[in-house]
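Work through the exercises below with the sequence and the model at hand. Each task is followed by its solution.

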Amino acid sequence: MTAPLLYNIRMRASTGGRHISGAERLVPVEMTDGTVRELIERARSKGIDPGQIVITIDSLQGAIIQNIQALDLTAYPARDVAASRNAAGRVLQAAGVSTVALEKATMLLDAGPAPSGGTMRGAMLLDAATGERLEPDRERGVRVSRFDWSSEACAAIDRELAHIGLTHFRTREALSLASKVAHGPSVVAELCWSDDPDYSAGYASSLSTGYVRFPFMKQNGLTTGGRAFFIDRERFDPDTLISYLREEPVIISRIGRCGRINDLSQFLSYRAVNRHV
Ligand code: WAQ
Ligand code: MG
C-alpha cells in the first residue's frame, strides 16, 4: 500500500506588515481546494480585513508520514490563575520537570522570552533539569510545523471535545501540536498558554500525563504567552529534534480519551501507576 500524497498548506495574513493570523494544515489532494477556502475565511474572520493573505502549498512527495495517537485530554477546572499555574506545575513535575526549570519557564513566558522582550513566534527549549535555554534562535524559537488530524480523527475529536464543553478550534489545534511535540525525541513535557489577550486557557502536557488543560494560565487582557518544551539533555540532539519538530510530517490518526477531573492528586497517581499500560 502506498501512503497518500499529502500537501502542506500554510496561511499567513497581515496588514501593513503586522501579523493578523496564521494557520497550517496537512491534507490529501482532494481536500486542498476546500482547505484553501477555509484558511482564507479564517484569515478574514478576525474583524480586520487583511492587507495581504499569503497561501503556500507544498507537496510532501517522498516524505515519510508518521501516524500517532493524540494525547489524552483532561480538563481541570482550577478557579484562578494561581490555582491553574500551581496545578500545571504539579503535572510538569510528575512528568519529570524540575522546580528550577518550571520557575524559569513561567518567568520567561510572563516577561516575553525573546531578547527584545516580546513573545516568540516559536517555542523555547529548556533543559528539564536545569532550565538552561537550548534553542539556537532565541528571537524566533522553534516553530512546530507539518502536523494535522486525519479527517476521521478530526471529526471524532471535535465530538469528544464538544461532550466536555470544549468547542473552540484552538483546543483542537493545541492538542494536535502538543501530541506531535510529546512524541519528539528527547522531549519531556510542554507548558503553554496563548498570547491572545482574550484567551487565558493553557496546558501542561507529556506522554505520561497527557494534555492537562487549565482555564486561567494568565490574567485576561495580557498579550504575553508562548510555549516551553522541556528537554532531556542526555538524549538531546539539536538537529534531530528541530528537524522532527519543523519538518517531519505527522498525522494524528487516532484520538485519545477526553474527560474532566476535580481531583488532581488522584489523577496524577493514577497516571503514574498506569504509565506503562
Ligand atoms: N510552534 C511553536 N510554537 C508556537 C507555534 C508553533 N507552531 N504556534 C504558536 N507558538 C507559540 C508562540 O510563542 C505563540 O506566541 C504562543 O505559542 C501561543 O500561540 O483551549 O492558542 O496560537 O486547550 O496563541 C492553549 C489552550 C492555546 C488551548 C494556545 O496558542 C485549549 C494558543 P497561540
Ligand atoms: Mg496567538
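**Exercise 1. Aromatic pairs**

Task: How many aromatic pairs does a search of the whole structure find, and what is the geometry of the pair formed by tyrosine 76 and phenylalanine 214?

Solution. This is a predicted model. Start with the count: the search of the whole structure gives two aromatic pairs. Next, take tyrosine 76 and phenylalanine 214: their ring centres are 6.4 Å apart. That separation passes, as the cut-off is within 6.5 Å. Now compare the planes. They stand at 80°, so the pair is edge-to-face. Tyrosine 76 sits in the loop between β5 (73-75) and α2 (81-95), and phenylalanine 214 in strand β10 (residues 210-214), so the pair ties together parts 138 residues apart in sequence.

**Exercise 2. The domain boundary**

Task: Where are the domains in the chain, and how much area do domain 1 and domain 2 bury between them?

Solution. First, the division: domain 1 covers 6-60 and domain 2 covers 67-273. Their C-alpha centres are 24 Å apart. Then the contacts: nine residues of domain 1 touch ten residues of domain 2. Then the area: the two domains bury about 890 Å² between them, with 49% of it on carbon and sulfur atoms. On the side of domain 1, Glu24, Leu26 and Arg42 lose the most area to domain 2, together 51% of what that side buries.

**Exercise 3. Polar links and the side of domain 1**

Task: How many salt bridges and how many residue pairs in polar contact are counted between domain 1 and domain 2? Which elements give two or more residues to the side of domain 1 that touches domain 2?

Solution. Count the salt bridges between the domains: two. Count the residue pairs in polar contact between them: five, both residues at pLDDT 80 or more. Now the elements. β1 (6-15) and β2 (18-28) each give two or more residues to this side of domain 1. The largest share, four residues, comes from β2. Sort the side by class: five nonpolar, one polar and three charged residues.

**Exercise 4. Two salt bridges in detail**

Task: What are the closest N and O distances in the salt bridges of arginine 25 and arginine 42?

Solution. The structure holds 15 salt bridges. Arginine 42 pairs with glutamate 173, with the closest N and O atoms 2.7 Å apart. This pair links distant parts of the chain: glutamate 173 is in helix α5 and arginine 42 in helix α1 (residues 32-43), 131 residues apart. Arginine 25 pairs with aspartate 148, and here the closest N and O atoms are 2.6 Å apart.

**Exercise 5. Positive phi**

Task: Where are arginine 146 and serine 186 found, and what is the phi of each?

Solution. Arginine 146 is in the loop between β6 (124-127) and β7 (147-149). Its phi is positive, about 60°, although arginine 146 is not a glycine. Serine 186 is in the loop between α5 (169-182) and β8 (187-193). Phi of serine 186 is near 80°, again a positive value in a residue other than glycine.

Note on methods. Residues are numbered from 1 along each chain as its sequence is written. Chains are lettered from A and ligands numbered from 1 in the order in which they are written. This is a predicted model: local features need pLDDT of at least 70, side-chain atom pairs count only at pLDDT 80 or more; totals for chains, interfaces and linings use all residues. Side-chain values use heavy atoms; hydrogens and water are left out. Domain bounds come from an automatic or database domain assignment. Contact means heavy atoms within 4.5 Å. Buried area is the accessible area (1.4 Å probe) that two parts lose on being put together, summed over both. A salt bridge is a side-chain nitrogen of Lys or Arg within 4 Å of a carboxyl oxygen of Asp or Glu. A polar contact is a pair of N or O atoms within 3.5 Å; within protein, one must be able to donate a hydrogen and the other to accept it, and residues adjacent in sequence count only if both atoms are side-chain atoms. Ala, Val, Leu, Ile, Met, Phe, Trp, Tyr, Cys and Pro count as nonpolar, Asp, Glu, Lys and Arg as charged, and the others, Gly among them, as polar. Rings of Phe, Tyr and Trp (its six-membered ring) pair if their centres lie within 6.5 Å; planes under 30 degrees apart count as stacked, over 60 as edge-to-face and the rest as tilted.
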